[in-house]
Amino acid sequence: MSTMSRATVLVPSLSSPVAPEQNVIFSPDFPLEERGGKAAAAPRAAGVPWSVGRVVRGEVSLLELRQEIARRFGPVPDGALPESAPGDAPGAYAFSFVRPSFASPFASRREGVFFGERVLPCFGLWRDVDDATWSRAAAQVEVHHHRGPDDFVIGLEARGEERVVVARCPRPETLEAAVAQVVALARKPRSWLRRWLGAKPFDRDCALKIPPLDLCVVRVHDELIGRPLADGDGPPLGDARHAVRFRLDGDALAPSEPGEISLGRGDMYDRYFVCDGPFLVVVLGGPSRDEVRLAAWIEALDAPEDATGAAP
């Protein structure tokens, strides 16, 4: 069962500040927002394939929500839902499980990158990956921007018209500015002229290494508790919480055995796309809707107790 991640916070908006030594996640999937002194339906309510959310009333309704989450996403992490309903008052809850999936798996290593002082596993592509794995996985990779090992934007095409955009950049004051810049690069029209004038494609002289992520965090919406529901009578909200699990592992193959230590940026490459320091991840919808489904600033990662490669 996934547990709540240390040093990870779920923020209510992209304009929320980014503090040092924290992972910061934004998800727009909570079904309610404060508007006019009431708890009103959010413009983009939960209910998308990766999220379940609703207002519940009583123990039976809460149990039904817990069972639906378990049926769709597996065991419910501790703290994602309360142990019991808030008495006679309604409660608003949402659980989002964002896990991009890839048609072709990436390679993985048990010891892949130095992240600060920690040795972490990674998924991606590098020089000694076999030709078949490399060619299939590399077809899902698009370079949007590269000015150096600490200044790049790279896109990974996932299933269901999802795209994962990963960027190395300085820590932003808020997610908003960084996400806007990165998404603008990823949204540029894909014409033959752009391919000719734009960033050089990902090739065998590139190294891509991303630490796998499995983060789970919950936020209690204190600003909604005690507010009446905008669409009905009855008591005000007694509880409101949103839990998000974000998993990104490249659907990686079993890890290659670590031979000669080539951690971090490893061998000499023309271009490095190696997340060996704080990085930004943005999960976008399909090309026709390009909405931000999740944004995460990643800065606080711990070495896993047993890094054995891709989880089931």
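These legends go with a set of close-up views of one predicted model.

Residues are numbered from 1 along each chain as its sequence is written, and side-chain values use heavy atoms, with hydrogens and water left out.

**View 1. The whole chain, before we zoom in.** The chain has four helices and 17 strands; these are DSSP runs numbered from the N terminus, with helices being H or I of at least four residues and strands being E of at least two. Of its 312 residues, 52% count as buried, where buried means under 20% relative accessible area, exposed means over 50%, and partly exposed is in between (1.4 Å probe, protein chains only). The accessible surface comes to about 14600 Å², and carbon and sulfur atoms own 52% of that; the areas come from the Shrake-Rupley method with a 1.4 Å probe, and for residues only the protein chains shown count as cover. Among contacts between residues at least 6 apart in sequence, 71% join residues at least 24 apart, a contact being heavy atoms within 4.5 Å.

**View 2. Phe73 meets Phe95.** A search of the whole structure turns up nine aromatic pairs. The rule takes rings of Phe, Tyr and Trp (its six-membered ring) with centres within 6.5 Å; planes under 30 degrees apart count as stacked, over 60 as edge-to-face and the rest as tilted. Here the ring centres of Phe73 and Phe95 are 5.8 Å apart with the planes at 50°, so this pair is tilted. Phe73 belongs to helix H1 (residues 58–73) and Phe95 to strand S6 (residues 91–98), so the pair ties together parts 22 residues apart in sequence. Phe73 is buried at a relative accessible area of 15%, and Phe95 is buried at 3%.

**View 3. Phe115 and Phe279, edge-to-face.** This aromatic pair sits at 6.3 Å centre to centre, with 80° between the planes.

**View 4. A ring cluster, and two charges over rings.** Ring pairs link Trp134, Phe152, Phe202 and Phe273 into a cluster. Elsewhere, the charged end of Arg127 sits over the ring of Tyr269, 4.1 Å from its centre. Lys209 does likewise with Trp126, its charged end 5.8 Å from the ring centre. To count, NZ of Lys or CZ of Arg must be within 6 Å of the ring centre and within 35 degrees of the ring normal.

**View 5. Inside the nonpolar cores.** The largest nonpolar core has 50 residues, and those with the most contacts inside it are Phe202, Phe246 and Phe279. A core here is a set of buried Ala, Val, Leu, Ile, Met, Phe, Trp, Tyr and Cys residues joined through side-chain atoms within 4.5 Å. Leaving aside neighbours within four places in sequence, Phe246 has contacts including Ile25, Val98, Leu213, Val281 and Leu294. A second, separate core of 21 residues includes Val11, Val182, Leu185 and Val292.

View 6. Glu162 is in the loop between strand S10 (151–157) and strand S11 (163–168), while Arg293 is in strand S17 (residues 292–298), 131 residues apart. Glu162 is buried at 12% relative accessible area, and Arg293 at 10%.

**View 7. Asp276 with Arg168.** In this salt bridge the closest N and O atoms are 2.9 Å apart. Asp276 lies in the loop between S15 and S16 and Arg168 in strand S11, so the pair ties together parts 108 residues apart in sequence. Asp276 is buried, with a relative accessible area of 17%, and Arg168 is buried at 9%.

**View 8. Two loop residues with positive phi.** Glu21 has a positive phi of about 60° although it is not a glycine. Glu21 is in the loop between strand S1 (8–11) and strand S2 (23–26), and counts as exposed at 65% relative accessibility. Asp251, also not a glycine, has a positive phi of about 45°. Asp251 is linked with Arg99, Arg247 and Asp249 in a network of salt bridges.

Conventions. This is a predicted model: local features need pLDDT of at least 70, side-chain atom pairs count only at pLDDT 80 or more; totals for chains, interfaces and linings use all residues. A salt bridge is a side-chain nitrogen of Lys or Arg within 4 Å of a carboxyl oxygen of Asp or Glu.
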